[in-house]
Amino acid sequence: MIQVDLSGTVGDLALSLRFEAGAGLTALMGPSGSGKTTLLRAVAGLERLSGRVQVGDAVWQAEDHFVPVHKRAVGYVFQEPSLFSHLSVEGNLDFALKRSPKDVDKTGIIELLRIRTLLPRQVTRLSGGERQRVAIARALLSGPDLLLMDEPLSSLDQAARAEILPLIRDVAERVPVLYVSHDPLEVARLTQQIIYILNGRLSARPAVTLDGLSQAEIEALALKALGS
Amino acid sequence: MWEAIRVTLLLAAVTTPLLLLLATPLAWWLAKGTGWVRDTVAAVVALPIVLPPTVLGFYLLIALGPHSPLMGLLQPFGVRTLAFTFTGLVIGSLVYSLPFAVQPIRNAFEAMGPRPLEVAATLRASPWDAFWSVALPQARRGYVTAALLVFAHTIGEFGVVLMIGGAIPGQTEVVSIRIFQAVEQLNFAEAHLISGGLLAFSFVALMVMLVIDRRFGARSAGIRP
């Protein structure tokens, strides 16, 4: 169980968000500038908001208590694949593995993300989709209790998205995921648990589920729900 | 002549690693923010670029001479003055070449941006760990540039060395001063020899820098999308 209750001001945006999320993948949706990324960064500890963050039994943040990023059991997949350019693919994976306090099944994760053949490669020689798969594997290898994903597919083409989406579903069966996106179609294929954010606050959830709707219908619904 | 070459190479070989060490925390701090304190420090660090070397040398001579408060602090250790000594030359070179070490390293840290360190933190690397395992390797091109610039700049030092070093053969007489003296004595053969050697050295140093730039340039500016 993930409990988040955060508020504060970052730039021009005043945030006040309180929600709970359980196992599986929970999507955070909202227009750009609504505070999705800021929220994700604050949960990771990269941004400082006041309030409380609890993941399982571990309190990451409370009034008198702030666990620094590197001591949180958090995995973070950034919007652009942020692999270390001075390391090979395997070097990137081992960077995480070496620092993980848990026993992580390296082989299993490599199979899960289908990156075995990429291991000896330089990260500069990977396609966008390959990089993002490696980045997801690297985040898992650090042994997170919560995986944060910030629009991980937005810089990829249609084919790469189609390839990675089912992998993300598989990942969410192992570890809870908070998944930021503004693409209703993508979210519809990933989860039914959706949290809508508008101007830094939770927004009412549309009454209809998105399954089985056409893209145009979903987009119309999303726009209506977000009030724009 | 060989004595002068030996002293010069030794000076550059001692100054370069020392200065890279000193410049690293300074460059890191300068790259991590803005504000008038940082701007002031950045300006002071850059001073040796625009200051006439003789002015710098003059103040260093005062600071390293027997009447300076700085040397007063060292008197209990039996040090009265560092002027006209090799140690004094090293201190002078550190100050004189400081901007040539700080600037490339600072640029490299700035080009890297905050993202690689954020990634490292989410992978459980402490700030200290991330500095060694991510920031330094990502900034390696900056270090190569800094090392080459400092080494070459120290080899060619004249004004500062003349002011604080005198020209004691075997101790503080470096090649550029040797050239000056050879010309004064109308010994053009030796002046030609050393000058030609320095010209070749400078050219090779710049070539090496360009080649390194080209070879590592494509994958040294931090994380590639």
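Student: Which share of residues 5-212 of chain B is helix, and which share is strand?

Tutor: This is a predicted model, and in it that stretch is 79% helix and 0% strand. UniProt, in an unreviewed entry, places the feature "domain: ABC transmembrane type-1" at residues 5-212 of chain B.

Student: How do I read a helix pair there? At what angle do H5(B) and H8(B) pack?

Tutor: Start with the general idea: an α-helix has 3.6 residues a turn, so residues three or four places apart point the same way. Now the case. Helix H5 (residues 86-112) and helix H8 (residues 140-155) of chain B pack at about 160 degrees, and their axes are 8 Å apart. Angles over 145 degrees count as roughly antiparallel, so H5(B) is roughly antiparallel to H8(B). Their crossing is right-handed.

Student: Which residues of H5(B) and H8(B) meet?

Tutor: On the H5(B) side they include Ser93(B), Tyr96(B), Ser97(B), Phe100(B), Pro104(B) and Ala108(B). On the H8(B) side, among them are Gly142(B), Ala146(B), Leu149(B), Val150(B) and His153(B).

Student: Is H6(B) largely enclosed or open?

Tutor: Seven of the eight residues of helix H6 (residues 115-122) of chain B are buried, so H6(B) is largely enclosed by the rest of the structure. Glu118(B) is one of the buried residues, and so are Pro116(B) and Leu117(B). After H6(B) comes Arg124(B), with a positive phi near 75 degrees.

Student: Now a strand, please. Which strands pair with E10(A)?

Tutor: The general idea: in a regular strand the side chains alternate between the two faces of the sheet. In chain A, E10 (residues 194-198) pairs with E3 (residues 25-29) in the parallel sense, over three bridges. E10(A) also pairs with E11 (residues 201-203), this time in the antiparallel sense and again over three bridges. Follow Tyr196(A): Met29(A) is its bridge partner, and Ser203(A) in E11(A) stands opposite. Four of the five residues of E10(A) are buried, so this strand is largely enclosed by the rest of the structure.

Student: How many residues lie between E10(A) and E11(A) in their hairpin?

Tutor: Two, and Asn199(A) in that turn has a positive phi of about 50 degrees.

Student: Last one: is Arg161(A) buried or exposed?

Tutor: Buried means under 20% relative accessible area, and Arg161(A) has 17%, so Arg161(A) is buried. This arginine lies in helix H5 (residues 158-174) of chain A. Leaving out residues up to four places away in sequence, Arg161(A) touches Leu153(A), Ser154(A), Leu156(A), Asp183(A) and Glu186(A).

How values were computed: Residues are numbered from 1 along each chain as its sequence is written. Chains are lettered from A and ligands numbered from 1 in the order in which they are written. This is a predicted model: local features need pLDDT of at least 70, side-chain atom pairs count only at pLDDT 80 or more; totals for chains, interfaces and linings use all residues. Side-chain values use heavy atoms; hydrogens and water are left out. UniProt positions are given in the numbering used here, feature names are shortened, and annotations may be inferred rather than shown by experiment. Buried means under 20% relative accessible area, exposed over 50%, partly exposed in between (1.4 Å probe, protein chains only). Two strands pair if DSSP finds at least two bridges between them. Axes are lines fitted to C-alpha atoms, for helices over the stretch in contact, and angles run from 0 to 180 degrees between N-to-C directions. Angles under 35 degrees count as roughly parallel, over 145 as roughly antiparallel, 65 to 115 as roughly perpendicular and the rest as oblique. A crossing is left-handed if the near helix is turned anticlockwise from the far one by less than a right angle, and right-handed if clockwise. Contact means heavy atoms within 4.5 Å.
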